[in-house]
Amino acid sequence: MEELLEVLNDIKDDVDYETCTTLIDDEIYDSFDILQLISSLNDTFDISIPASEIIPDNFNSAESLWKMVQRLQEE
C-alpha cells in the first residue's frame, strides 16, 4: 500500500488519500491523471489493467485501487 500511496502522491500530492473516497466522483482526478495513474500502476506493480476494470468504483479511493491491484496481481 505504501508504494501505491507514492504513485498517487506523484500524480497529485495535495490529496488526503487516507480518507478520500471520491477521486473520480468529485473530479479530483481528470482523464489525464487517470491515464498517468494506469500507466504508473502497470509499471510499478507489473500488472495490466484491462478496460473492464477502468470504472469509478475501482478508482475512487486508494483502498479500492489497492484492492484492484492485488486482484490483478493474483491473476
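Modeller: Glu53 forms a salt bridge with Arg71, with 2.4 Å between the closest N and O atoms. This is a predicted model.

Biologist: Where in the chain do Glu53 and Arg71 lie?

Modeller: Glu53 sits in the loop between H2 and helix H3 (56–59), and Arg71 in helix H4 (residues 62–74). They are 18 residues apart, and the pair links distant parts of the chain.

Biologist: How do I read burial here: is Glu53 buried or exposed?

Modeller: Buried means under 20% relative accessible area. Glu53 has 15%, so Glu53 is buried. Arg71, at 33%, counts as partly exposed.

Biologist: How many salt bridges does a search of the whole structure find?

Modeller: Three. One of them joins the side chains of Asp33 and Lys12, at 3.1 Å from N to O. That pair also links distant parts of the chain: Asp33 is in helix H2 (residues 31–45), Lys12 is in the loop between H1 and H2, and 21 residues separate them. Asp33 is buried at 7% relative accessible area, whereas Lys12 is partly exposed at 22%.

Biologist: What about Lys67 and Glu63?

Modeller: Their side chains meet in a salt bridge of 3.2 Å, N to O. Both residues belong to helix H4, four residues apart, about one turn of the helix. Lys67 is partly exposed, with 47% relative accessibility.

Biologist: Which residues gather in a patch of negative charge on the surface?

Modeller: A patch takes residues with over 30% relative accessible area and no salt bridge. Here the patch consists of Glu2, Glu3, Glu6, Asp10, Asp13, Asp14, Asp16 and Glu18. Glu3, in helix H1 (residues 2–11), is partly exposed at 44% relative accessibility.

Note on methods
Residues are numbered from 1 along each chain as its sequence is written. This is a predicted model: local features need pLDDT of at least 70, side-chain atom pairs count only at pLDDT 80 or more; totals for chains, interfaces and linings use all residues. Side-chain values use heavy atoms; hydrogens and water are left out. Patches are made of residues with over 30% relative accessible area and no salt bridge: like charges are joined within 9 Å, nonpolar side chains (Val, Leu, Ile, Met, Phe, Trp, Tyr) within 5 Å. Accessible areas come from the Shrake-Rupley method with a 1.4 Å probe; for residues, only the protein chains shown count as cover. A salt bridge is a side-chain nitrogen of Lys or Arg within 4 Å of a carboxyl oxygen of Asp or Glu. Lys and Arg count as positive and Asp and Glu as negative; His and the chain ends are not counted. The place of a charge is taken as NZ of Lys, CZ of Arg, CG of Asp or CD of Glu. Helices (H or I, at least four residues) and strands (E, at least two) are DSSP runs, numbered from the N terminus. Buried means under 20% relative accessible area, exposed over 50%, partly exposed in between (1.4 Å probe, protein chains only).
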